[in-house]
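Hi there,

Here is the structure I promised to pass on. Have a look at it first, and my notes follow below.

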Amino acid sequence: MLTITYIVDNSLYVNITNRCTNNCDFCIRNNGDGAYGSNSLWLEREPTVDEIYNDIMKYQLDKYDELIFCGYGEPTMRVYDLVEVAKKVKAASNIHIRINTNGHANLVHRTDVTPLFEGIIDTVSISLNNANKEDYNSICHPAYKNAYEKMIEFTALCSKHVENVVMSVVHGTIPDENLEKCRIIAENAGAKLRIREYIS
Ligand code: SF4
């Protein structure tokens, strides 16, 4: 099965990979194989750039609030393909384009990829998840030892190239007293903090 796109509320979500450099305790991948009633988001193979673009263009894009690269996995594992698709979509429509990410892209690709977002990606939402490295590691189990610091650095770099940069935490997964610390971390990186609800 190749479920590349699915709709949540009035946004169009794009599922391009199941790979991820985290293994979060709360990951929706651990709770079944769909999200919001979509078909299975486990991909039997990763779709090509053309397959992703053609799937997106099946929709009347001006009817949707946002196009969101998210899905069952970390979309920036394929950041070059993601940007290629987003560039084509941007040329064909005015839809607002967002990436939901764990913020590890510069570690994965060993270079600063954030300049690629300039003029193409409208929002980057980075999962901050916790107020310090130890607690982050204990719930996200990242593949990289320095994932937390590099995720915050990635956020600050995104702020130079993307108009709307957000850091998110999942409501109920961290103590309330850490929320204010998260807000300060986000603001220092040039981002706003968003407290999102857990998706089961
Ligand atoms: S970063 Fe996202 S996709 Fe990756 S394990 Fe965590 S919740 Fe799942």
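Let me start with a question: does V162 count as buried or exposed? V162 counts as buried, because it has 23 C-beta neighbours inside 10 Å. The cut-offs here are 20 or more other C-beta atoms within 10 Å of a residue's own for buried, 12 or fewer for exposed, and partly exposed in between, with C-beta atoms placed from the backbone. V162 sits in the loop between α5 and β6. Leaving aside neighbours within four places in sequence, its contacts are F117, I121, T123 and V124; a contact means that two C-beta atoms, placed from the backbone, lie within 7 Å.

Two things to keep in mind as you read. Residue numbers start from 1 along each chain, as its sequence is written. The model is predicted, so local features need pLDDT of at least 70 and side-chain atom pairs count only at pLDDT 80 or more, while totals for chains, interfaces and linings use all residues.

**Overall fold**

The protein has six helices and seven strands. These are DSSP runs numbered from the N terminus, where helices are H or I with at least four residues and strands are E with at least two. In chain order the elements read β-β-α-β-α-β-α-β-α-α-β-α-β. The radius of gyration is 16 Å, which agrees with the value near 16 Å for a compact globule of 200 residues; it is taken over C-alpha atoms, and the globule rule is 2.2 Å times the number of residues to the power 0.38. Along the principal axes, the C-alpha atoms fill a box of roughly 45 × 35 × 30 Å. Of the 200 residues, 40% count as buried. Among contacts with a separation of 6 or more, 80% are between residues 24 or more positions apart.

**The core**

In soluble globular proteins, nonpolar side chains tend to be buried together. Here the largest nonpolar core has 50 residues, and V14, L67, V89 and V124 have the most contacts inside it. Such a core is a set of buried Ala, Val, Leu, Ile, Met, Phe, Trp, Tyr and Cys residues joined through C-beta atoms within 7 Å. Helix α5 (residues 147-161) gives the most to this core, with seven residues.

Beyond four places in sequence, V14 touches I4, T5, I52, I56, L67, I68, F69 and G71. I52 belongs to helix α1 (residues 49-56) and is buried, because 25 C-beta neighbours lie inside 10 Å. With the same exclusion of residues within four places, I52 is in contact with I4, V14, I16, P47 and V85. The C-alpha atoms of I52 and I4 are 6.6 Å apart, although 48 residues separate them along the chain.

**Helix α6**

Which residues of helix α6 (residues 176-188) are buried? They are C182, I185 and A186. These residues lie on the same side of α6, because they cover an arc of only 95° around the axis; the arc is that of the directions from the helix axis to the C-beta atoms. E177, E180, I184, E187 and N188 are exposed on the other side. The cover over the buried residues of α6 includes α5, β6 (164-170) and β7 (192-196). G190, which follows α6, has a positive phi near 85°.

**Two loops with positive phi**

D9 is a residue other than glycine with a positive phi, near 50°. D9 lies in the loop between β1 (5-8) and β2 (11-14) and counts as exposed, because it has 9 C-beta neighbours inside 10 Å. N129, also not a glycine, has a positive phi of about 70°. N129 is in the loop between β5 (123-127) and α4 (133-140), and is buried, with 23 other C-beta atoms within 10 Å.

**Around the ligand**

The residues around the ligand are C20, N22, N23, C24, C27, R29, G73, E74, N102, S127 and C140. The shell divides into four nonpolar, five polar and two charged residues. Ala, Val, Leu, Ile, Met, Phe, Trp, Tyr, Cys and Pro count as nonpolar, Asp, Glu, Lys and Arg as charged, and the others, Gly among them, as polar.

Best wishes

Conventions
Near = placed C-beta within 6 Å.
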